[in-house]
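The entries follow in the order I took them.

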Amino acid sequence: MDKLRIKNRLEIEKMKRSGKAAATVLKRIGEAIAPGVSTADLERISRDTIAEVNATSSFLGYQPPEHQPYPATICTSINDVVIHGIPDKGHVLKAGDIIGIDTAVSIDGYHGDNAYTFAVGDISPVAERLLDATRNSLYDAIAEAKPGNRIGDISFKLQNGAESHGFSVLQSFAGHGIGRNLHEAPEVPCMGVAGRGLRLRPGMVLAIETMVNIGLPDVQMSPDGWTITTVDGSLSALFEHTVAILSDGPEILTGSALWEI
């Protein structure tokens, strides 16, 4: 992970452009989600929208150490897939599924990253509770992203928001700083202790994300080297925003009307 980088106001304004573009891509995909749609269809919508907003995919070709390059512009994580599901024409949505869409784009060298878990038609009551708890915990955590607080204050809200509903958060993956690099310091874990960790400063920009499982927190890697699933087959949800820490508090850079639905 790249080092901690403090952004000035001009850089944050640039990141707001990339954040808005990422939110537009996510919203377009969300509008197309329905039974019978494949994740390859959603990938095509993503590519078309990224071109329309004059952005570049942050995911396509992304290659961490000891990985193959990521082959798509979005991650499509259905039901027990936690993160990094790869779009495929054979993955067709059906009523009752939930699907997490994660997408990031860059404009003028700055990244915006966001994710949302969608219901496909009518879903079960427990899946509804999962989505509500996960989304609400993200907003509770974002409210803690203000100068003087610590990373642990954010992480505690993510963890408490899941566990108070009987769910579990991932321990092996985390949110992150973001800017000229998609992944920068600091890590923002989904679990933590309030009052602990790095102190937050104006100019920090974080991709705050929460990954919540109905069952156990344990996950496993699929043979493709990317897709992460729950070990017990339980449902998982993902929500994420790019957030700037300003002197007067947090500003969501990936704001979208989608999130108010």
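How do the residues lining the largest cavity divide into nonpolar, polar and charged? I found five nonpolar, four polar and no charged. For these classes I took Ala, Val, Leu, Ile, Met, Phe, Trp, Tyr, Cys and Pro as nonpolar, Asp, Glu, Lys and Arg as charged, and the others, Gly among them, as polar.

**Ground rules.** I am working with a predicted model, where local features need pLDDT of at least 70, side-chain atom pairs count only at pLDDT 80 or more, and totals for chains, interfaces and linings use all residues. Residues are numbered from 1 along each chain as its sequence is written, and side-chain values use heavy atoms, with hydrogens and water left out.

**Cavity.** I searched a 1 Å grid over the protein atoms alone; a cavity is a set of points where a 1.4 Å probe fits but cannot get out, and a pocket is an open set with protein on both sides within 12 Å along at least five of seven lines. A lining residue has an atom within 4 Å of a point. Grid points are joined across faces, edges and corners, and the volume is the space filled by probe spheres set on the points. I counted one cavity of 30 Å³ or more. The largest cavity has a volume of about 30 Å³. I listed its lining as Ser-77, Val-81, Val-82, Ile-99, Gly-100, Thr-117, Ser-236, Ala-237 and Leu-238. Two or more of the lining residues come from each of β3, β4 and β12 (236-246). With three residues, β12 gives the most. Helices (H or I, at least four residues) and strands (E, at least two) are DSSP runs, numbered from the N terminus.

Next I turned to the largest pocket, with a volume of about 660 Å³. It has 26 lining residues, and the closest to its centre are Tyr-62, Pro-64, His-84, Phe-173 and His-183. The elements giving two or more residues to this lining are β7 (174-177) and β9 (205-213). β7 gives the most, with three residues. I sorted the pocket lining into 15 nonpolar, seven polar and four charged residues.

**Backbone.** I checked phi and omega next. Most residues other than glycine have a negative phi, and most peptide bonds are trans. His-84, from the pocket lining, has a positive phi of about 70 degrees although it is not a glycine. I placed His-84 in the loop between β3 (81-83) and β4 (98-107). His-84 is partly exposed, at 23% relative accessible area. My scale is buried under 20% relative accessible area, exposed over 50% and partly exposed in between (1.4 Å probe, protein chains only). Asp-108 also has a positive phi, near 50 degrees. Asp-108 sits in the loop between β4 and β5 (110-119). Asp-108 is exposed, with a relative accessible area of 52%. I then found a cis peptide bond joining Ala-185 and Pro-186, with omega about 5 degrees. Pro-186 belongs to strand β8 (residues 184-189).

**Aromatics.** Rings of Phe, Tyr and Trp (its six-membered ring) pair if their centres lie within 6.5 Å; planes under 30 degrees apart are stacked, over 60 edge-to-face and the rest tilted. I counted four aromatic pairs by this rule. Tyr-70 and Trp-226 make an edge-to-face pair, 5.1 Å centre to centre with 80 degrees between the planes. This pair links distant parts of the chain, 156 residues apart: Tyr-70 is in the loop between β1 (56-57) and β2 (74-78), and Trp-226 is in the loop between β10 (219-221) and β11 (228-230). Tyr-116 and Phe-118 form a tilted pair, 4.7 Å centre to centre and 45 degrees between the planes. Both Tyr-116 and Phe-118 are buried. I also noted one aromatic cluster formed by Phe-59, Tyr-70 and Trp-226.

**Helix α4.** Last, I looked at α4 (residues 151-163). This helix has 13 residues and reaches 18 Å from first C-alpha to last, close to the 18 Å expected at 1.5 Å a residue. The expected span is 1.5 Å times one less than the number of residues. Which elements do the buried residues of α4 pack against? They pack against α3 (125-142), β6 (168-169), β8 and β9, with contact meaning heavy atoms within 4.5 Å. Among these buried residues are Ile-151, Ile-154, Leu-158 and Ala-162.
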